[in-house]
Structure formats: C-alpha cells, structure tokens
Amino acid sequence: MEYMSIKQAVEKWEIGKRRIQVLCVEDRIEGAVKIGSYWAVPADAIKPTDRRVKSGKYIKDKESN
C-alpha cells in the first residue's frame, strides 16, 4: 500500500494539518497508521466528511432537558 504524509494530505484535501491529525487520532481516516510520531495516510484514502457543528450552537440531547 502506498502512503502519503500529512503535508501531502493537506495539499490534496485542502484542510489544515492539525485537522488531519485529529481525524487520524479519531480513526476517521481508514488505514492511517502512526509511525513513531508521524502519521502515514493511505494515498487512496477518501477525505472524511466534516461532522463538526457549524451553527455555533451545541446540539442538546432531548433526554437531558
């Protein structure tokens, strides 16, 4: 399997370095492996969807009310 660096993933997916690191830690990039202190992302990996809240408001669970 061929891998790319975080820097190459930044250029390919046009998102930040730290965001890709977080996605790797959260196991949202299938096949990403940590080699020492660096992440290796599969060259054919698909960019994960952004699941962050964009409205600026947290979504409350109906049961917590």
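## Helix packing

In this predicted model, the axes of helix 1 (residues 6-13) and helix 2 (residues 17-25) come within 9 Å and cross at roughly 110°, the axes being lines fitted to C-alpha atoms over the stretch in contact, with angles running from 0 to 180 degrees between N-to-C directions. Helix 1 and helix 2 are therefore roughly perpendicular to each other, a class that covers 65 to 115 degrees. Helix 1 contributes Ile6, Ala9, Val10 and Trp13 to the contact, while helix 2 contributes Lys17, Ile20, Gln21 and Cys24, where contact means heavy atoms within 4.5 Å. By class, these are 6 nonpolar, 1 polar and 1 charged residues.

## Nonpolar core

The largest nonpolar core holds 12 residues in all, including Met4, Ala9, Trp13, Leu23, Trp39 and Val41; such a core is a set of buried residues joined through side-chain atoms within 4.5 Å, and buried means under 20% relative accessible area with a 1.4 Å probe. Helix 1, helix 2 and strand 3 each give two or more residues to this core. Leaving aside its neighbours within four places in sequence, Leu23 is in contact with Ile15, Arg28, Ile29 and Pro48.

An open sheet of 3 strands has the order 1-3-2 with antiparallel pairing, two strands being paired if DSSP finds at least two bridges between them. Strand 1 (3-4) and strand 2 (33-35) are the edge strands, each pairing on one side only. Strand 2 is joined to strand 3 (residues 38-42) by 3 bridges, and Ile35 stands opposite Tyr38 in strand 3.

## Basis

Residues are numbered from 1 along each chain as its sequence is written, and side-chain values use heavy atoms, with hydrogens and water left out. Local features need pLDDT of at least 70 and side-chain atom pairs count only at pLDDT 80 or more, whereas totals for chains, interfaces and linings use all residues.

Key: Helix = DSSP H or I, 4+ residues; strand = E, 2+ residues; numbered from the N terminus. Parallel < 35°, antiparallel > 145°, perpendicular 65-115°, else oblique. Nonpolar A, V, L, I, M, F, W, Y, C, P; charged D, E, K, R; others polar. Buried < 20%, exposed > 50% of the residue type's maximum accessible area, 1.4 Å probe, protein only.
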